[in-house]
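I open this notebook to record what I looked up in the structure. The entries follow the order in which I consulted it.

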Amino acid sequence: MRLALDIGGTKMAAGVVREDGRVPDVETVPTPDADTWATCAALLRRVADGRSIHAVGIACAGPVDTVGGVVAPINISEWARGFPLIEAIEALFPGARTALAMDGAAAALAEHHHGAGRGIPNLLSLVVSTGIGGGVVLGGRIATGRTGNAGHIGHMAVSGTSSVPGADEPCSCGGVGCLETVASGPSAARWARTQGWAGSTGLELADAARGGDPIATAALARAGHALGIAIASAAALLDVNLAVLGGGFSQAGPPLWEPLLEAAARHARLSFISDLSILPAQLGTAGTLTGAGLLSLDVDI
């Protein structure tokens with residue numbers, strides 16, 4: 001039997017993997033502030049239910065080190081300096097094969113096999129939510145880079161661009177002006193509050209923009225412009241003609257998507273990316289765990 005595990009800053013999810021890599025029955029738990037591994041191990045034991053485990057595919061918030069089997073997610077404080085996740089899972093399930101990928105890369109793999117990128121060998125995937133993750137598939141395979149972190153588009157700098165004035169806020173990564181500081185749900189809501197908006201969350205911000213609130217509309221336009229610039233830049237760098245956009249904040253609708261597509265079209269002018277398409281992800285919240293399921297089948301990495 002094979003298991004899939006998805007570790008994020010707010011929740012962990014796990015389930016048994018079908019032959020196509022999908023995970024039909026999922027159990028989730030909140031990611032705790034302490035005893036993170038104990039919570040994760042208990043989740044895996046419940047899902048395994050005493051059965052023999054042959055493989056575990058893991059998607060984890062980054063950064064990750066797929067060579068050393070260590071994860072250091074920014075949004076899990078207890079692990080931020082590094083946790084030997086592969087060693088811990090192999091001790092939990094002796095003899096099981098393990099495969100680790102950054103969560104954005106797992107989502108990209110899932111969209112390539114089962115979602116909006118079916119049949120497209122080269123694509124960029126973004127997950128726009130409380131943070132911004134990403135992953136790249138090139139030639140039908142995950143592009144991992146040196147340590148497994150290729151595609152970390154949320155930390156592409158967008159400061160200094162005319163379309164994103166003032167995008168120089170400190171980022172949780174330690175840098176400034178990252179895409180995540182402008183275009184994630186919490187970041188967009190935070191900027192709107194500095195302009196006098198009275199709400200608190202990215203979901204509320206999206207609702208307000210759809211209702212015509214001028215400050216909320218400006219915040220989503222700012223986020224959309226930054227996303228479009230980052231996507232066009234990444235497409236030129238990677239030579240891909242498809243970007244798949246998922247995550248809760250990506251569902252904000254026209255106030256986000258219209259400026260995003262406008263900015264991408266304005267910047268994607270080279271002939272080899274002039275046909276760049278940007279599509280909504282089809283797998284929704286199941287994408288990352290599905291990617292982990294595919295990794296457990298040794299589909300790619």
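I began with Trp79, which is buried, with a relative accessible area of 3%; buried means under 20% relative accessible area, exposed over 50%, and partly exposed in between (1.4 Å probe, protein chains only). The model is predicted: local features need pLDDT of at least 70, side-chain atom pairs count only at pLDDT 80 or more, and totals for chains, interfaces and linings use all residues. Residues are numbered from 1 along each chain as its sequence is written, and side-chain values use heavy atoms, with hydrogens and water left out.

I then looked up ring pairs (Phe, Tyr and the six-membered ring of Trp, centres within 6.5 Å; planes under 30 degrees apart are stacked, over 60 edge-to-face, the rest tilted). The count comes to two aromatic pairs. The rings of Trp37 and Phe83 have centres 5.9 Å apart and planes at 35°, so this pair is tilted. Trp37 lies in helix H1 and Phe83 in the loop between strand E6 (70–71) and helix H2 (85–92), so the pair ties together parts 46 residues apart in sequence. Helices (H or I, at least four residues) and strands (E, at least two) are DSSP runs numbered from the N terminus. Trp37 is partly exposed at 21% relative accessibility, whereas Phe83 is buried at 16%. Trp79 and Phe83 form a stacked pair, 4.4 Å centre to centre with 5° between the planes.

**Sheet**

I traced an open sheet of five strands in the order E3-E2-E1-E4-E7, with mixed pairing; two strands pair if DSSP finds at least two bridges between them. Its edge strands, E3 (26–30) and E7 (97–102), each pair on one side only. Strands E1 (residues 2–7) and E4 (residues 55–60) run parallel and are joined by six bridges. I noted that Ile7 has Cys60 in E4 as its bridge partner.

**Nonpolar cores**

I next looked up nonpolar cores (buried Ala, Val, Leu, Ile, Met, Phe, Trp, Tyr and Cys residues joined through side-chain atoms within 4.5 Å). The largest has 44 residues, of which Leu179, Leu205 and Leu227 touch the most other members. Helix H7 gives the most to this core, with 11 residues. A second, separate core of 30 residues includes Ile7, Val71, Ala88 and Phe93.

**Leu295**

Last, I located Leu295 in helix H9 (residues 287–296). Leu295 is buried, with a relative accessible area of 0%.
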